Amino acid sequence: MRITEIERITLTVPFTPRCEKWNAREVWQWKVVEICRVETDAGFVGWGETLPHYTWSRVSDDAVARVKGKNPADFLGDDSLGAGLQMALYDVVGKALGVPVYKLLNQPLVRPWCPISWWTIDFPPEALAEEAKDALAAGYVAYKTKARPWWDVWAQVEALSAASPEYFKIDLDWNEFLLNASNAAPILQSLDTYERVALYESPIPHRDLEGNRLLRQKTSRPIAHHFGAVPFSSAAREEICDGFVVGGGVSSILRQGALAAAFEKPFFLQLVGTGLTTALSAHLGAVLPFAQWPAVNCLNNFADDLLVTPLEISGGFVRVPEAPGLGIAFDESTLTKYKMEPPYEIPKERHILSVVWPGGRVVHYNNLRQAAWNDGWAGNIPVQERGVTMETRLYDGSKDFAELFAKTELGPVRDRRSF
């Protein structure tokens, strides 16, 4: 069997309405999805996908040239090919052999259903509550979201709790915004009292080995860090976390999974995309014994999963497909429905983001990642206060907007309001 044709088609896949609104501040480019189609002389076709503005590795022209005309089985496990091409090769080889992808991973089946989590970027409390209702209706019982210094995390947890049953669990990801153990400990101890809260991800920097070890002693919930953020030997020896976030290419994930298992550390798979990526994640979770925490695939952000028949999700688990290859049928009508023209980028929404703390303290930004993230990581704003909120003002053509926007181009703008 030889590869005769490789196509890459870029799509703009819409978000759900609520995700469309809030993703516009930070992850709006996730809508750009590159589909990889691999055809062989034996008549088998494999499908894969890459989120070029996020995924662990893009598919390059060199990678395409390297595998074309060759046997796809020779390249299984080659992470250098990039996300979509590697995925498509596993799909086409599985189809040719008549076996699901998990049988190509050289490990026994551990679970036919894998835990899966609903995911959103940071939302205000009322929007999180509506998402929780949608999650439950779709078969999810776990929800991972971002904890940020510009939202009241206690109000977020309370809103999620009020909208969900006791068995619904919440995982909170700070991306290190709590900065150090002395900041983090009282906040996490307070959140420990909420029964829905299940896990904390990256509350403080990974590199703070002593701080992370101390923080584990002060909280009753597990703490997760990204595998490889510090050398694994250091993470294991210093006991900085209870488990890991695992992602990347197939070979990298299998290696990380084996190392985590050697130390009996649970982890969740984090592979972001539509139904194609979620299917691959399920195959990996099926053979990795310690992939015990709900996987984060962000499938729920997309209004279309790009599949003919959706993956089956029930009781917080996704069924591992048993059909050959990825075990799903790609909806080829989406190739014309969502086809995108170069330059394969979505213009950034023009807005002003105002973080408002109790007492009328305000800071204005126009770019969440470059401004608010930098301000937060630098310790220039409170790490987590009750009552804080973020207001979004969209471009309205007014002189007032233009003047404030111009000021925020130079940096954060501090303000004061009277209440």
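Trainee: Hi! How do the residues lining the second largest pocket divide into nonpolar, polar and charged?

Mentor: They split into 13 nonpolar, 9 polar and 1 charged. Here Ala, Val, Leu, Ile, Met, Phe, Trp, Tyr, Cys and Pro count as nonpolar, Asp, Glu, Lys and Arg as charged, and the others, Gly among them, as polar. Keep in mind that this is a predicted model, where local features need pLDDT of at least 70 and side-chain atom pairs count only at pLDDT 80 or more, while totals for chains, interfaces and linings use all residues. Residues are numbered from 1 along each chain as its sequence is written, and side-chain values use heavy atoms, with hydrogens and water left out.

Trainee: What volume does that pocket have?

Mentor: The second largest pocket has about 320 Å³. A pocket is an open set of points on a 1 Å grid over the protein atoms alone, where a 1.4 Å probe fits, with protein on both sides within 12 Å along at least five of seven lines; lining residues have an atom within 4 Å of a point. Points are joined across faces, edges and corners, and the volume is the space filled by probe spheres set on them.

Trainee: And the largest pocket, what's its volume?

Mentor: About 500 Å³. Of its 26 lining residues, Glu26, Val27, Trp30, Tyr54 and Arg369 are the closest to the centre. Elements here are DSSP runs numbered from the N terminus: helices (H or I, at least four residues) and strands (E, at least two).

Trainee: Which element gives the most?

Mentor: That's α12, with 4 residues. By class, the lining of the largest pocket has 11 nonpolar, 7 polar and 8 charged residues.

Trainee: New topic: why does the span of α4 agree with what it should be?

Mentor: The expected span is 1.5 Å times one less than the number of residues, so the 13 residues 125-137 should span 18 Å, and the end C-alpha atoms are 19 Å apart.

Trainee: Which residues of α4 are buried?

Mentor: Pro125, Ala127, Leu128, Ala129, Glu131, Ala132 and Ala135. Buried means under 20% relative accessible area with a 1.4 Å probe, protein chains only. Their cover includes α1 (17-23), β4 (113-120), β5 (142-146) and α5 (153-162). Just after α4, Gly139 has a positive phi of about 100°.

Trainee: Last one: where is Ser164, and what does Ser164 touch?

Mentor: Ser164 is in the loop between α5 and β6 (169-173). Leaving aside residues up to four places away in sequence, Ser164 touches Leu136 and Arg196, contact being heavy atoms within 4.5 Å. Ser164 counts as buried because its relative accessibility is 9%.

Methods. Buried means under 20% relative accessible area, exposed over 50%, partly exposed in between (1.4 Å probe, protein chains only).
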